[in-house]
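Look over the structure first, then read on.

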Amino acid sequence: MHLGVDLGTTRTIVAAVDRGNYPVVTFLDDDGDAHESFPSVVALHGERLLYGFDAIAAGATGAPLLRSFKRALAEPDVNADTAIAVGDRTVPLLEILTGYLRAMHEALLTTSNLPGAGTGQADPDLLGPVVVAVPAHAHGAQRFLTLEAFRRAGFDVAALLNEPSAAGFEYTHRRGGTVTSRRTRVVVYDLGGGTFDASLVDVEGTGHDVLATAGRNRLGGDDFDDVLVRCALAAAEVEEADLDAWALASLREQCREAKERISPQSRRIALEVGERDVNVAVDAFYDAAAPLVEATMTAMGPVLDRLDDPTGLTDVAGIYLVGGGSSLPLVPRLLKERFGRRVHRSPHPSASTAIGLAIAADPASGYSLADRLSRGFGVFREQRSGQGVVFDPILTPDEILPTADTVVATRRYRAAHNIGWFRFVECAAVDDAGEPRGDIVPFAEVLFPFDPALRDRPDLGDEPVRRQDGCLVEERYVIDPNGIVEVHITDLDTGYELRRTIAGRAAPGAST
Ligand SMILES: Nc1ncnc2c1ncn2[C@@H]1O[C@H](COP(=O)(O)OP(=O)(O)OP(=O)(O)O)[C@@H](O)[C@H]1O
Ligand SMILES: [Mg+2]
């Protein structure tokens with residue numbers, strides 16, 4: 001079964017492909033209750049790391065919890081070994097991400113509502129290719145680590161999209177009628193748990209390109225919870241300092257749950273502050289929270305400025321509200337006051353990205369990425385003895401196809417490891433800093449034994465990669481008239497050579 005997986009800061013949401021429908025997958029928690037998400041939480045329980053619902057259950061008995069680890073991916077100097085603290089232990093970021101995704105993979109097979117799951121024996125073939133996403137402004141290392149963690153966790157990743165492109169897919173799937181030849185732009189307004197992003201997505205047929213993004217890294221649903229906590233404390237005439245840590249945490253939790261239950265008809269919010277029952281008027285909460293919504297509209301400014309007509313919005317098909325935070329009725333209300341009837345709220349704000357990813361994963365949807373395979377192409381390379389990863393853009397999307405086989409790029413260097421591990425990807429664009437931008441499709445991995453002693457090993461993938469001075473290496477990239485790239489990797493000291501056709505997963509048979 002093909003899936004779309006939206007790895008979120010607060011929770012991960014999975015949507016499945018089911019004959020033209022994209023249902024959100026439910027997971028059972030440790031009490032047997034069903035949830036439409038898998039919490040993005042890690043706990044340290046004795047010596048063991050626990051993830052998702054197990055982590056929440058351990059946290060309830062006092063185990064230290066870590067939330068929002070996805071944020072660490074956005075740091076500019078992030079790498080696989082970035083140290084993350086869980087309780088009194090430090091764990092490499094890639095290990096946390098992989099462990100979390102592996103737990104989610106296991107949950108999909110054993111405790112989800114996917115057909116065939118939970119039958120006692122987990123059948124890994126149940127899960128087909130998945131399409132995943134990163135924030136639109138994600139840099140190369142963030143994209144690489146996300147892909148790598150999904151792969152190590154056992155997922156077959158067909159593509160890595162930008163989150164707003166995925167929400168754009170969901171928009172055109174539902175509201176394709178609003179996109180006309182004159183109105184081809186969709187503004188995706190994504191208010192998540194901890195972050196706000198606005199993106200301008202250009203829709204052309206089945207292609208969705210992110211033209212611009214803007215946002216705030218620390219503005220999301222969590223801030224609305226804080227506002228409600230302050231309203232509750234004021235109603236109880238209690239200072240924050242009067243409550244112990246446990247009472248404050250429980251109030252925050254209540255406020256989040258109460259906020260998520262607010263409907264357009266709600267008038268009062270009942271809460272318990274310490275021992276006291278209080279009522280907060282929804283209008284008072286909305287007055288206090290309105291500046292947060294104003295802040296999102298201010299943050300959208302640079303995106304709207306990219307439009308031909310920022311005030312009249314004449315080239316915009318819709319402003320699409322996604323992300324769990326925009327479920328709060330106040331959000332669409334204030335946006336409609338400002339932007340009028342072009343504001344549309346997703347019927348599933350929390351799941352919009354996951355549903356869009358499932359649409360992209362659906363071979364029958366017509367949104368397949370296969371028609372865009374002739375784009376930029378490059379390789380992720382390890383640097384500083386595996387400490388970091390850099391992207392080497394080999395072909396830019398504007399490369400003109402030759403009429404005969406042509407060498408388009410050559411790289412020559414001295415090997416610094418026993419094995420060369422080449423992870424080729426195809427991407428929509430390469431920016432001025434040489435980072436891959438836009439949607440990414442992973443290609444085959446190629447392993448090359450720099451160490452001559454490894455050249456008769458049947459499975460190089462099992463060999464540990466070690467730092468070791470080695471042969472003089474040449475890579476040559478040959479492109480044919482169909483845009484198929486072949487890489488020739490040669491040990492110039494001995495003449496040992498490997499040739500590999502680099503094809504996307506759309507044509508796995510092309511590998512030689
Ligand atoms: N029905 C609801 N009403 C109001 N807020 C809601 C509702 N459902 C979820 N939320 C809020 O949405 C937020 C989580 O949003 P979402 O699931 O989109 O975030 P995320 O994808 O994990 O985070 P990010 O996009 O920042 O990585 C939380 O603050 C949550 O309280
Ligand atoms: Mg999100």
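Q: Which residues are the closest to ligand 1?
A: This is a predicted model. In it, 19 residues surround ligand 1. The closest are Thr 9, Thr 10, Thr 195, Glu 260 and Gly 324.

Q: What area do domain 1 and domain 2 bury between them?
A: The domain assignment gives domain 1 as 3-164 and domain 2 as 373-510. In the contact between them, 19 residues of domain 1 meet 17 residues of domain 2. Carbon and sulfur atoms carry 50% of the buried area. The total is about 1500 Å².

Q: Which residue forms a salt bridge with Glu 445?
A: Two salt bridges are counted between domain 1 and domain 2. A salt bridge needs a side-chain nitrogen of Lys or Arg within 4 Å of a carboxyl oxygen of Asp or Glu. For Glu 445, the closest N and O atoms are 2.7 Å apart. The partner is Arg 151.

Q: Which elements give two or more residues to the side of domain 1 that touches domain 2?
A: Across this interface, two residue pairs are in polar contact. On the domain 1 side, the residues divide into nine nonpolar, five polar and five charged. The elements asked for are helix H3 (140-152) and strand E12 (157-162).

Q: How many residues apart are Lys 70 and Glu 163?
A: A search of the whole structure finds 24 salt bridges. One of them joins the side chains of Lys 70 and Glu 163, at 2.9 Å from N to O. Lys 70 lies in the loop between strand E8 (65-67) and strand E9 (83-86), and Glu 163 is in helix H4 (residues 163-175). The pair links distant parts of the chain, 93 residues apart.

Note on methods. Residues are numbered from 1 along each chain as its sequence is written. Chains are lettered from A and ligands numbered from 1 in the order in which they are written. This is a predicted model: local features need pLDDT of at least 70, side-chain atom pairs count only at pLDDT 80 or more; totals for chains, interfaces and linings use all residues. Side-chain values use heavy atoms; hydrogens and water are left out. Domain bounds come from an automatic or database domain assignment. Contact means heavy atoms within 4.5 Å. Buried area is the accessible area (1.4 Å probe) that two parts lose on being put together, summed over both. A polar contact is a pair of N or O atoms within 3.5 Å; within protein, one must be able to donate a hydrogen and the other to accept it, and residues adjacent in sequence count only if both atoms are side-chain atoms. Helices (H or I, at least four residues) and strands (E, at least two) are DSSP runs, numbered from the N terminus. Ala, Val, Leu, Ile, Met, Phe, Trp, Tyr, Cys and Pro count as nonpolar, Asp, Glu, Lys and Arg as charged, and the others, Gly among them, as polar. A residue is near a molecule or strand if one of its heavy atoms lies within 4 Å of it.
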